[in-house]
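Have the sequence and the 3D view ready before reading on. The paragraphs below go from single residues to the pairs and elements they belong to.

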Amino acid sequence: MKIVGIVLLSLLGLIVLLLALVMLVPVGVMAGYREKVFSLKIKFLFLRFTILPQKEKKKKKKKRPKKEKKKKEPKEKPAEPEKKDKKKKKKKKTKLSLGLIKTLLTKHLPPILSCFYISTLNLKWDVHAPDAGDTAIRYGAASSAVAGFLAILDRFSKRLRHANVDIVPNYDEGRIEGDVTVSITVGKLVFSAIRLLIDLIKYKVL
C-alpha cells in the first residue's frame, strides 16, 4: 500500500509540475503571411509545433459502396400532442453602455496586453486602389490605423521590442506580407481573464 501511495503522490507531483510549467513558462507563437500562405508555429521550451500550413495527407483509395438491402419501412406512430413549454423567467442582463465598456477596457486591457511580449513585428504593405486618389486615401487610412495600433501597444503594455513597418502606395498592385513573434504568459493571461469574467458577472453582463 505504501508503494502505491508513493507512486500516486509522484504522479500528482509530476502533474502539478507540468501545470506550473505551462502556466509560468512563456509560450512562443510565430505567425506569418507571405506569398498568400499563412504560417503558424508554436514553441514551448524545446518543443516546436507547426500548425499551418498543414502537410498534405496521402489520399486513400475509395472503397466501392456495398449494395444496400431494402429495409422495411416502420409503421407511422400516431402524433403525440404537443406539450406546452413552461415560460421560464429570464434574468435581466445589463446592456453594455459606452461608460461600462470604457471602465472595463481601462481596468482589464493593460493587464491582458501585458501577458503578450512582441519580440518582432515585420509588415510590408503595398496599398493599392483602382484610382490614384483612392490609393492616396487608403494609404492615409492604413498608415493611421497601424500607427494607432502600435501606439496602443507601446502605451499599455510596453511589450513591442522591434517593429519594422513599411507602408507605401502602389499604383500597380496591392500586396500585404508580414510576420510576428509573440511570447504569451499563459498563467497571467488566465488570471486576467478570470478577473474580467468576475467583473462581467458583477455588472450582470453575463
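A residue counts as buried when its relative accessible area is under 20%, as exposed when it is over 50%, and as partly exposed in between (1.4 Å probe, protein chains only). By that rule phenylalanine 38 is exposed, with a relative accessible area of 55%. The model is a predicted one: local features need pLDDT of at least 70, side-chain atom pairs count only at pLDDT 80 or more, and totals for chains, interfaces and linings use all residues. Residues are numbered from 1 along each chain as its sequence is written, and side-chain values use heavy atoms, with hydrogens and water left out.

Rings of Phe, Tyr and Trp (its six-membered ring) pair if their centres lie within 6.5 Å; planes under 30 degrees apart are stacked, over 60 edge-to-face, and the rest tilted. The count is 1 aromatic pair. The ring centres of tyrosine 33 and phenylalanine 38 are 4.6 Å apart and their planes are at 45 degrees, so this pair is tilted. Tyrosine 33 is partly exposed, at 25% relative accessible area.

Next come the strands and helices, which are DSSP runs numbered from the N terminus (helices: H or I, at least four residues; strands: E, at least two). Two strands pair if DSSP finds at least two bridges between them. Strand S2 (residues 37-44) and strand S3 (residues 47-52) run antiparallel and are joined by 5 bridges. They form a hairpin with 2 residues between them, and leucine 45 in the turn has a positive phi of about 55 degrees. Lysine 41 stands opposite threonine 50 in S3.

Helix H4 (residues 186-202) has 17 residues and reaches 24 Å from its first C-alpha to its last, close to the expected 24 Å; the expected span is 1.5 Å times one less than the number of residues. Gly187, Ser192, Asp199 and Leu200 are buried in H4.

Which residue forms a salt bridge with aspartate 199? A salt bridge is a side-chain nitrogen of Lys or Arg within 4 Å of a carboxyl oxygen of Asp or Glu. The partner is lysine 107, with the closest N and O atoms 2.9 Å apart. This pair links distant parts of the chain, since lysine 107 is in helix H2 and aspartate 199 in helix H4, 92 residues apart. Aspartate 199 is buried at 6% relative accessibility, whereas lysine 107 is partly exposed at 41%.

The count of salt bridges is 6. Another one joins arginine 34 to aspartate 179, with the closest N and O atoms 2.5 Å apart.
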